[in-house]
Amino acid sequence: MTSMSWAEGKPIKGVLLDISGVLRDGHEAIAGSVDAFHKLMKSGLEVRLVTNESQVTRQGSSDTLQSLGYQGVLLENIFAPAPLLAKELLKHGHRPHLLVHPKVKPEFDAVIDQISQSEGETDPTCVVIADAAEYFTYESMNTAFRILLSMQQKGLDPKLFTLGRGRYYKENGLLWMDVGPFVTALEYGLDIKAELFGKPSPVFFHTALSSLSSDGEISADEVVMIGDDIIGDVQGAMDAGMRGVLVRTGKFRPEDENHPTIKPSGIVDNLASAVDMILRGCNTN
Amino acid sequence: MSCPSKTDVFATPPPQPPPTATLEAPETNEISAQIAEIKEKISLNAKSDEVFDCAHNEEIRAQYQPTLGSVKCVIISLEGTLFTIRCHDAIPTPGAVEAFAKLRRSGLKILLVTNTWLKPNQRILKILNKLGFPVDESELYTSSDCCKMFMNKHELKHPFLLVSDDVLKDFNEMETLNPFQYDSIVLGLPSTMVDYRLMTKALSILHNGHPLLVLHPARTEKAKGSCQIIAPGLYAKTLEFATDAKLVIPSKPSVGFYVEACKYVGFPPEQCVMIGDCISDDVRNPHEICMKAILVKTGKYKNQDEFKYCQVRPELVVDNFYKAIRYVLSATDTDPDKASDLSAEAAKREQWKKEHDDFFLRLSSYANDDKCVKSRSICPQKIGSFIW
């Protein structure tokens with residue numbers, strides 16, 4: 001079966017891991033993932049965590065992982081969209097309106113500082129939307145909507161940055177809305193297109209890729225992305241030229257195996273079996 | 001099918017010149033010239049708005065009998081057609097109350113259609129009655145009625161109702177308290193009530209493959225203070241994106257809504273005429289099921305709207321609801337006042353002249369003041385084009 005041969009071919013040099021649904025499911029580690037993770041870290045392969053989690057800061061993510069038994073998670077090895085976007089906003093001198101979870105706001109501190117130091121205009125020049133969870137209220141949505149609308153009415157380009165386009169995620173046995181549906185609503189209401197920072201944007205994967213090696217000696221086809229989201233993780237990675245492997249944990253649903261358009265490089269039961277296959281570099285069939 | 005005409009048959013006969021004797025003598029030449037100019041303007045407007053007589057009715061009949069002659073039921077859109085909203089107040093469009101009364105006496109079946117959002121049916125009826133449109137409960141067909149028909153047909157009995165407390169009244173027989181029984185979602189709530197928890201609850205229901213019924217597919221609405229706010233259609237999009245949910249739109253302007261409305265009145269679509277102010281919602285979609293459609297130039301109508309879609313030509317384009325009804329009644333030969341038309345119209349014209357003489361007198365005192373001519377304000381609305 002072709003889906004088993006993803007670990008063969010060109011040797012794998014770098015591994016990108018999704019956090020939620022691969023390493024942990026809510027506040028629990030996924031069975032076998034902790035050991036598999038440590039095995040992978042010891043193997044000498046370059047490992048990065050690539051997450052769209054925009055509800056917490058990277059520090060928060062790494063603290064949670066540590067509490068679940070994951071050792072050796074370095075802050076700089078976690079790729080989350082918020083810090084990347086914050087850098088981008090700083091570079092262009094944007095004044096963002098943030099529709100984000102309070103826990104992720106610290107990632108934007110530098111941007112906010114810059115605004116408070118500069119005098120003059122105070123109107124936002126863009127809206128940043130992330131998984132705000134219970135902070136997605138009518139009020140907050142409407143405020144974002146009106147800011148964008150007033151930009152539109154002034155003849156300005158209504159800039160909307162989103163830290164993801166995920167539809168939902170599974171936590172503590174329940175499905176929760178992700179940021180995607182809310183972005184879609186704003187896009188639909190204003191006839192605009194949001195700019196995506198995060199998975200499945202190829203730019204995001206390329207940023208992670210370039211961090212895997214200092215001199216670009218690891219190319220995209222030597223990297224495998226392991227995730228539970230067929231669109232965000234698998235398709236995004238494959239669009240960026242990597243191998244995309246789907247795990248049957250987290251928000252995986254049986255119908256994902258027969259997705260009409262996306263054919264993952266491989267589908268495995270969980271991180272443990274993915275790591276086994278990578279390390280053995282073998283065909284389990 | 002005769003070509004729907006945008007030329008106004010009322011414009012052809014010369015208007016009766018308003019009597020001028022009382023005004024001319026004391027004025028200087030200059031002022032009287034200005035007044036004459038204004039008078040001419042007003043009588044030009046009046047030609048198309050007010051003057052009717054039997055001869056015209058016959059002309060209309062000859063021209064529109066082939067297209068509108070078979071009409072047995074008049075389906076009317078509410079906001080923008082029957083009334084317009086100005087400064088939060090509903091105001092009947094010119095002559096609408098009179099035309100509605102005439103329509104009532106004509107014996108044609110009447111159906112008013114609108115989408116449910118904040119107001120339950122009972123409240124809409126109250127407002128209509130207050131405005132001077134006496135309407136029976138059975139003559140109002142809203143998206144909550146259509147929604148209930150859909151649910152009956154598909155044996156959906158336990159909807160998760162995301163509607164305002166008021167609109168709950170429209171669904172009271174269907175309330176369910178056991179969250180495990182939910183078999184559908186009805187979305188029509190004022191978006192002020194939408195929050196993350198409700199959306200997440202909805203998400204899990206839709207995940208089980210249950211349909212999402214949307215009572216009001218608009219993306220945005222005007223709120224008090226005339227600012228745009230987000231409306232249920234936006235949240236429907238949210239849930240649709242999240243789950244690939246089966247979206248059912250039992251509301252205007254979906255074609256399904258019009259099909260059900262025709263079934264509800266019991267006439268085939270060819271015998272129903274839709275009167276509305278929106279070329280896409282009130283003309284294009286009704287045409288898809290062979291209803292007739294009349295576009296009125298009130299409400300959200302914008303100049304040249306009738307030519308917006310090359311495939312969509314209303315049977316008739318008229319200034320307002322009043323004239324639409326005149327045409328329908330003439331074309332179907334159901335004008336209840338036909339016999340007395342001559343004398344009544346003559347009397348009416350006299351009355352009109354009298355009123356406008358006063359107007360001219362008043363005008364002459366501020367002939368140079370433009371303020372007396374106010375332009376009509378139109379509030380355009382964004383409506384999503386969901387098709388059921």
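**View 1. A:Ser20 lies in the loop between strand 1 and strand 2 (24-25) of chain A.** The model is predicted: local features need pLDDT of at least 70, side-chain atom pairs count only at pLDDT 80 or more, and totals for chains, interfaces and linings use all residues. Residues are numbered from 1 along each chain as its sequence is written, chains are lettered from A and ligands numbered from 1 in the order in which they are written, and side-chain values use heavy atoms, with hydrogens and water left out. Helices (H or I, at least four residues) and strands (E, at least two) are DSSP runs, numbered from the N terminus. A:Ser20 has 15% relative accessibility and therefore counts as buried (buried is under 20% relative accessible area, exposed over 50%, partly exposed in between; 1.4 Å probe, protein chains only). Leaving aside residues up to four places away in sequence, A:Ser20 touches A:Glu53 and A:Asp228, contact meaning heavy atoms within 4.5 Å. A:Glu171 is 151 residues from A:Ser20 in sequence, yet their C-alpha atoms are 8.6 Å apart.

**View 2. Helix 7 (residues 202-212) of chain A has A:Phe204, A:Phe205, A:Ala208, A:Leu209 and A:Leu212 as its buried residues.** These residues are on the same side of helix 7 of chain A because they cover an arc of only 140° around the axis, the arc being that of the directions from the helix axis to the C-beta atoms. An α-helix has 3.6 residues a turn, so residues three or four places apart point the same way. The cover over the buried residues of helix 7 of chain A includes strand 1 (14-17), strand 4 (46-50), strand 5 (78-79), helix 3 (81-92), strand 12 (223-227) and helix 8 (230-239) of chain A.

**View 3. Chain B and chain A bury about 2700 Å² between them, 68% of it on carbon and sulfur atoms.** Of the area that chain B buries against chain A, B:Tyr196, B:His207 and B:Phe241 supply 28%, more than any other three residues. Buried area is the accessible area (1.4 Å probe) that two parts lose on being put together, summed over both. The contact takes 30 residues from chain B and 29 residues from chain A. Eight residue pairs between the chains, both residues at pLDDT 80 or more, are in polar contact (a pair of N or O atoms within 3.5 Å; within protein, one must be able to donate a hydrogen and the other to accept it, and residues adjacent in sequence count only if both atoms are side-chain atoms). On the side of chain B that touches chain A, two or more residues come from each of helix 7 (196-207), strand 10 (228-230) and helix 8 (232-243) of chain B. Helix 8 of chain B gives the largest share of this side, nine residues.

**View 4. A:Asp191 forms a salt bridge with B:Arg219, their closest N and O atoms being 3.3 Å apart.** A salt bridge is a side-chain nitrogen of Lys or Arg within 4 Å of a carboxyl oxygen of Asp or Glu, and one is found across the interface of chain B and chain A. A:Asp191 belongs to the loop between helix 6 (180-190) and strand 11 of chain A. With 57% relative accessibility, A:Asp191 counts as exposed. A:Asp191 also has a positive phi of about 55° although it is not a glycine.

**View 5. B:Thr332 is in helix 11 (residues 321-332) of chain B.** A polar atom of its side chain lies 2.7 Å from the backbone oxygen of B:Val328.
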